[in-house]
Amino acid sequence: METPGSQSSLHRANLERVVRAVRMAGSLTQAEIARATGLSAATVSNIVRELKDGGTVEVTPTSSGGRRARSVSLSGDAGIVVGVDFGHTHLRVAIGNLAHRVLAEDAEPLDVDASAAQGLDRAEHLVKRLIAEAGINPAKIVGVGLGVPGPIDVASGTLGSTAILPGWAGTNPRDDLAARIGVPVHVDNDANLGALGELVWGAGRGAGDLAYIKVASGVGAGLVINGQIYRGPGGTAGEIGHITLDEAGPVCRCGNRGCLETFTAARYVLPLLHSAHGTDLTVARMVELAREGDPGCRRVIGDVGRHIGSGVANLCNLLNPSRVVLGGDLADSGELVLGPIRESVSRYAIPSAARQLDVVPGALGGRAEVLGALALVLSEMGDSTLLDDSRPADAPVPS
């Protein structure tokens, strides 16, 4: 039994610090591990050697700053994580390992508004099919990350608002999916998972404070503060779509008038273009037409950008993030939407906050949320199992 403050407990804590840093980053050089953990280079070198001998990490040659270095990542067979992302029109599943390598991925159309049971049936089938096709031992799965496009009580796993997903209201998709697959499930809303995905794999890398804005059938924000997702006590932080822009504006599905969502979400802006482009118009097609020079589509996208910028300015004044990442199909319009966002931020945000803000498009496209679901498992799982499984029972404790 380890005594708090003893040499063995300090060593154990250092092992966990190194494993945690590598687990969240995917791979790090030993110098980067030292900077991330605050441990000395010599201590990191000894710990990496021990973890490598125990099979917990893999070490491969690389270069950093033009110099030879060693890249450290968790062992590819240390465990498997699963990501499941429910969008309003799709289901996407990804299978990855603890070294941040995606081993299998697929998506299929799905009307998520129909019923929770139907959606979870499809998710269970797709997860099991991908695992079988990839030749993965199900016993290696350490957890599943689950994303849904609605407010989640993270503590209970229960889905809230009946206005957003009426067929899912009051259900507990976390516990239901866990019962079907037989492993722990971690659940969050799609905007938070998009933020995690971009933070770990995409345009948010290196930013300790950022907001991921997703504009689709609704509008939400995933907030990262000091490198961690901020959810608020009820799990509803980031509902930027319900900032009031016009008290006399259109009635929102939340019951208020003039919410940001009523000026930016697909269900409100696409009808503005139906007379010119038909009722089958999608956001992706609107973006394509705008890039080809269509004046109506360019105007609508510019207006949407200015409204989003008003909401982002409020975030700047309250939280002062260093980076805003725009996700969803709208991000593909590039400067057609990013330029107006920056203009509104410059106009409405405190000048010092606006100067420090970088507004960029997401790098992961439609994969942001499912990769964020993988990152959710990586962030929630503990390090003890990895260490206990890798170290022989009679192994001495290094000094």
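Because the model is predicted, local features require pLDDT of at least 70 and side-chain atom pairs count only at pLDDT 80 or more, while totals for chains, interfaces and linings use all residues. Residues are numbered from 1 along each chain as its sequence is written, and side-chain values use heavy atoms, with hydrogens and water left out.

Helices (H or I, at least four residues) and strands (E, at least two) are DSSP runs, numbered from the N terminus. Two strands are paired if DSSP finds at least two bridges between them. In general, strands of a sheet pair through backbone hydrogen bonds, either parallel or antiparallel.

An open sheet is built from five strands in the order β13-β12-β11-β14-β15. Its pairing is mixed. The edges are formed by β13 (228–230) and β15 (358–361), each of which pairs on one side only. On average, neighbouring strands of this sheet are turned by 25° against each other, direction ignored. Axes here are lines fitted to C-alpha atoms, for helices over the stretch in contact, and angles run from 0 to 180 degrees between N-to-C directions. Strand β14 (residues 323–327) runs parallel to β15, and four bridges join the two. Arg323 has Asp358 in β15 as its bridge partner.

Leu319 belongs to helix α11. Leu319 is partly exposed, with a relative accessible area of 40%. On this scale, buried means under 20% relative accessible area, exposed over 50%, and partly exposed in between (1.4 Å probe, protein chains only).

Leu319 also takes part in a nonpolar surface patch with Ile225, Tyr230 and Leu318. Together these residues have about 390 Å² of accessible area. Patches are made of residues with over 30% relative accessible area and no salt bridge; like charges are joined within 9 Å, and nonpolar side chains (Val, Leu, Ile, Met, Phe, Trp, Tyr) within 5 Å. Accessible areas come from the Shrake-Rupley method with a 1.4 Å probe; for residues, only the protein chains shown count as cover.

Further strand pairing involves β1, β2 and β3. Strand β1 (residues 27–29) pairs with β3 (residues 67–74) in the antiparallel sense over three bridges. Here Ser27 stands opposite Ser73. Strand β2 (residues 57–64) is also antiparallel to β3, with eight bridges between them. Ser63 stands opposite Arg68 in β3. β2 and β3 form a hairpin with two residues between them. In the turn, Gly65 has a positive phi of about 65°.

A salt bridge is a side-chain nitrogen of Lys or Arg within 4 Å of a carboxyl oxygen of Asp or Glu. By this rule the count is 19. One of them joins Lys214 and Glu369 at 3.6 Å, N to O. Lys214 lies in strand β11 and Glu369 in helix α14 (residues 368–380), so the pair ties together parts that are 155 residues apart in sequence. Lys214 is buried at 13% relative accessibility. Glu369 is buried too, at 3%.

Arg174 and Asp175 form another salt bridge, at 3.2 Å, N to O. Arg174 counts as buried at 17% relative accessibility, whereas Asp175 is partly exposed at 39%. Glu261 and Arg253 meet at 2.8 Å, N to O. Glu261 is buried at 1% relative accessibility, and Arg253 is partly exposed at 22%. Salt bridges that share partners also join Asp121, Glu124, Lys128 and Arg180 into one network.

Positive phi values also occur in residues other than glycine, including His100 and Asn226. Phi of His100 is near 70°. His100 sits in the loop between β5 (90–97) and β6 (102–109). The residue is buried, with a relative accessible area of 12%. For Asn226, phi is about 50°. Asn226 is found in the loop between β12 and β13. Asn226 is exposed, with a relative accessible area of 64%.
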